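Trainee: Before we discuss charge pairs and overall dimensions, could you show me the sequence and the coordinates that we will be reading?

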Amino acid sequence: MLNSITIFPGIDKDGAREPFERVILRPREIYAIVGNTGSGKSRFISDIEQIADSDTVTKRRVVVDGALDNGSIAFLGQSMRFVLDCTVEEFIRLHQRCYNGDERIAGCTARSVLEAANSIASERLYPGALLGSLSGGQSRALMIAGISVISNSRVVLIDEIENAGIDKSRALELLMSRDKLVMIVTHDPHTALIADKRIVIRNGAVKNVLDTTETERESYARLDAAYRLITNMQFKLRNGEELC
């Protein structure tokens, strides 16, 4: 079982040592990766995905405490398109077989995965739909559901979940219900304040690790109310309803 991931400092874009001793990441927590465009956020999660050993451009070292088997790190990029010529249901069953199990062993059914996907997708998915016909949001919802329900991935890395066309709050609840370690690259304050901690990246280096404070959680409650209002109005807009 994964106990923690420890990141040891590398160098910033100017070759200077990063100003921290170590960053420890633990399962059942959400981490927001924040910083300006081009600051090195994607490189940071790439180092984790590769379990870097001072062998990347940042020279960081990532040490895993506990078991982390092949397939235990899942990455969802901003662009999510399928090229397989199969239906949604066929893809789910293929996903199950990739983890060396059938429905009984995996503890799930294609229906349960589809229900999970539809709980976070803005557009409903159907088992007979072709993968190539899915929107970006539907594709992302299907993958998040698969990671949550089927896979043994202990670590989930997500690049900008707010651009996915899904209910991000429910998506994160779904992932956390399976005791994952979740990291999200984000520019959105609402997404950042869902997290337990924020890792601040600047000039290619980790500059700070901030715990979400109680005052910030109060700010999150206000942001969440606004997010729910906007999400509801988006639903009405898509369905041709009056925006009131």
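Trainee: How compact is the protein chain for its 244 residues?

Mentor: This is a predicted model, and its protein chain has a secondary structure of eight helices and nine strands. The globule rule gives 18 Å for 244 residues, and the radius of gyration is close to that value, so the chain is as compact as a globular protein of that length, with a radius of gyration of 19 Å.

Trainee: Which helix holds both arginine 111 and glutamate 115?

Mentor: Arginine 111 forms a salt bridge with glutamate 115, with 3.2 Å between the closest N and O atoms. Arginine 111 counts as exposed at 64% relative accessibility, whereas glutamate 115 counts as partly exposed at 47%. The two residues are four apart, about one turn of the helix, and both lie in helix H4.

Trainee: How many residues apart in sequence are the parts that arginine 228 and aspartate 167 tie together?

Mentor: Arginine 228 and aspartate 167 form a salt bridge whose closest N and O atoms are 3.0 Å apart. Arginine 228 belongs to helix H8, while aspartate 167 sits in the loop between strand S6 and helix H6, so the pair joins parts separated in sequence by 61 residues.

Trainee: Is aspartate 224, a salt-bridge partner of arginine 228, buried or exposed?

Mentor: Aspartate 224 and arginine 228 both lie in helix H8, and their closest N and O atoms are 4.0 Å apart. Because the cut-off for burial is under 20% relative accessible area, aspartate 224, at 18%, is buried.

Definitions and conventions:
Residues numbered from 1 in each chain as written. Predicted model: local features only at pLDDT ≥ 70, side-chain atom pairs only at ≥ 80, totals over all residues. Heavy atoms only, no water. Rg over C-alpha atoms; globule rule 2.2 N^0.38 Å. Salt bridge = Lys/Arg side-chain N within 4 Å of Asp/Glu carboxyl O. Buried < 20%, exposed > 50% of the residue type's maximum accessible area, 1.4 Å probe, protein only.
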